[in-house]
Every structure is written in structure tokens, then in C-alpha cells.
Amino acid sequence: MSWDSVYTLVKKIPRGRVATYGRIGKALKLPGGARAAGRAMAACPGGQGIPWHRVVGAGGRLLLRESRVSLQRKLLESEGLQVVEKRIEDFASREWLPSAMDRRVELKRKG
DNA sequence: CATCTGACGACCG
DNA sequence: GCGGTCGCCAGAT
């Protein structure tokens, strides 16, 4: 399985925004959904401009292991996001939705 | 080939 | 909110 489509999508996540494994898996119709997105990110090659830290779990939770979550948190905070108890504050308005269709939902939700 | 291990998430008690 | 179950699958050993 090639995870290129996942990395390509992740690269599109704007600075200061985050996307979830579930959304990514669904948007790309990956077999296995969210878990597939997780596997892809686990195998994510470094040093290629992939903003891996902008991918979080459902509800805006940070799911990485302690050894890595500290860096993720640091990177997210450096982009202006607030992380409290391994969770993105105000996640609903910080979530970036992949497809054009989902964007309408986002705009609608924002009001 | 058998087995184990995950960067998930919805659901339920 | 917390812990357990289940669906689902690529790599590593």
C-alpha cells in the first residue's frame, strides 16, 4: 500500500489548523479508514515538509506516545494552537476538513 | 506461514 | 469520564 495520497493530503493542512485520522481516512477512502491513516502517519518519512504534527485523533486528542507527543505539542503551540491535557482547545473551529463538500460544513458551522 | 504490534474510532455499560 | 469490544490491515520478526 502506498501512503503517498495521505502525505499529499496532509501537506495541504494549513498552518494553525489540524485534521483527524478519521477524516483523512474517509476523505481518501482508505481501506481500514482511520487506522489506515494512522498506519500511514506511523510510516511517515521525516524531513519532507510533511506537517505530521497537524494530524490528531478524533475530538482533537493527541494520541502519540509520550516520547513524541511533547514535540507535537510544541510544534502545534508554535503555530498558535492551544493544547490542554493532550487536547486541542477549541478543536471544532480549528479542524481543517479535506474535501470541498466538507468545507461547506465547516463554513456553516462557523456561522 | 504464524504471530505480534500499532500515530483509530464508534459504541456500550 | 473510564475501561472494554470490535472492525480492520500493513510491516516486522
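Q: What share of the DNA strand B atoms within 4 Å of the protein belongs to sugar or phosphate?
A: In this predicted model, sugar or phosphate accounts for 51% of the DNA strand B atoms within 4 Å of the protein, and bases account for the rest.

Q: What does Tyr 21 approach on DNA strand B?
A: A polar side-chain atom of Tyr 21 is placed 2.6 Å from a base nitrogen of DNA strand B.

Q: What about Met 1?
A: Met 1 approaches through its backbone: an N or O atom there lies 3.3 Å from a phosphate oxygen of DNA strand C.

Q: Change of topic: how many residues does the largest nonpolar core have?
A: The largest nonpolar core has 18 residues, and Val 6, Val 10, Ile 24, Met 41 and Val 55 have the most contacts inside it. Helix H1 (4–11), H2 and H3 each contribute at least two residues to this core.

Q: What is Met 41 in contact with, neighbours within four places in sequence aside?
A: With those neighbours set aside, Met 41 is in contact with Val 6, Tyr 7, Val 10, Tyr 21, Trp 52 and Val 55. Apart from this core lies another one of 9 residues, including Val 18, Leu 76, Leu 81 and Phe 91.

Q: Where is Leu 63, then?
A: Leu 63 is in the loop between strand E2 (55–56) and H4. Its relative accessibility is 48%, so Leu 63 counts as partly exposed. Not counting residues up to four places away in sequence, Leu 63 touches Tyr 21 and Gly 57.

Q: On to electrostatics: how many salt bridges does the structure hold?
A: The structure holds 4 salt bridges. One of them joins the side chains of Arg 54 and Glu 79, with an N to O distance of 2.7 Å.

Q: Why does that pair tie parts together?
A: Arg 54 sits in the loop between H3 and E2 and Glu 79 in the loop between H4 and H5, so the pair ties together parts that are 25 residues apart in sequence.

Q: Are Arg 54 and Glu 79 buried or exposed?
A: Both Arg 54 and Glu 79 are buried.

Q: Which residue forms a salt bridge with Glu 66?
A: Lys 86 does, and the closest N and O atoms are 2.8 Å apart. This pair links distant parts of the chain, as Lys 86 is in the loop between H4 and H5 and Glu 66 is in helix H4, 20 residues apart. Lys 86 is partly exposed at 37% relative accessibility, whereas Glu 66 is exposed at 52%.

Q: And what does Arg 73 pair with in a salt bridge?
A: Arg 73 forms a salt bridge with Glu 77, the closest N and O atoms being 3.1 Å apart. The two are 4 residues apart in helix H4, so about one helical turn separates them. Arg 73 is partly exposed, with a relative accessible area of 34%, and Glu 77 is partly exposed at 37%.

Q: Last one, on the backbone: what is phi of Lys 29?
A: Phi of Lys 29 is near 55°, a positive value in a residue other than glycine. Lys 29 lies in the loop between helix H2 (21–27) and helix H3 (34–42), and Lys 29 is exposed, with a relative accessible area of 71%. Glu 85, also not a glycine, has a positive phi of about 50°. Its place is the loop between helix H4 (66–78) and helix H5 (91–94), and at 70% relative accessibility Glu 85 counts as exposed.

Key
Residues are numbered from 1 along each chain as its sequence is written. Chains are lettered from A and ligands numbered from 1 in the order in which they are written. This is a predicted model: local features need pLDDT of at least 70, side-chain atom pairs count only at pLDDT 80 or more; totals for chains, interfaces and linings use all residues. Side-chain values use heavy atoms; hydrogens and water are left out. A polar contact is a pair of N or O atoms within 3.5 Å; within protein, one must be able to donate a hydrogen and the other to accept it, and residues adjacent in sequence count only if both atoms are side-chain atoms. Buried means under 20% relative accessible area, exposed over 50%, partly exposed in between (1.4 Å probe, protein chains only). A residue is near a molecule or strand if one of its heavy atoms lies within 4 Å of it. A nonpolar core is a set of buried Ala, Val, Leu, Ile, Met, Phe, Trp, Tyr and Cys residues joined through side-chain atoms within 4.5 Å. Contact means heavy atoms within 4.5 Å.
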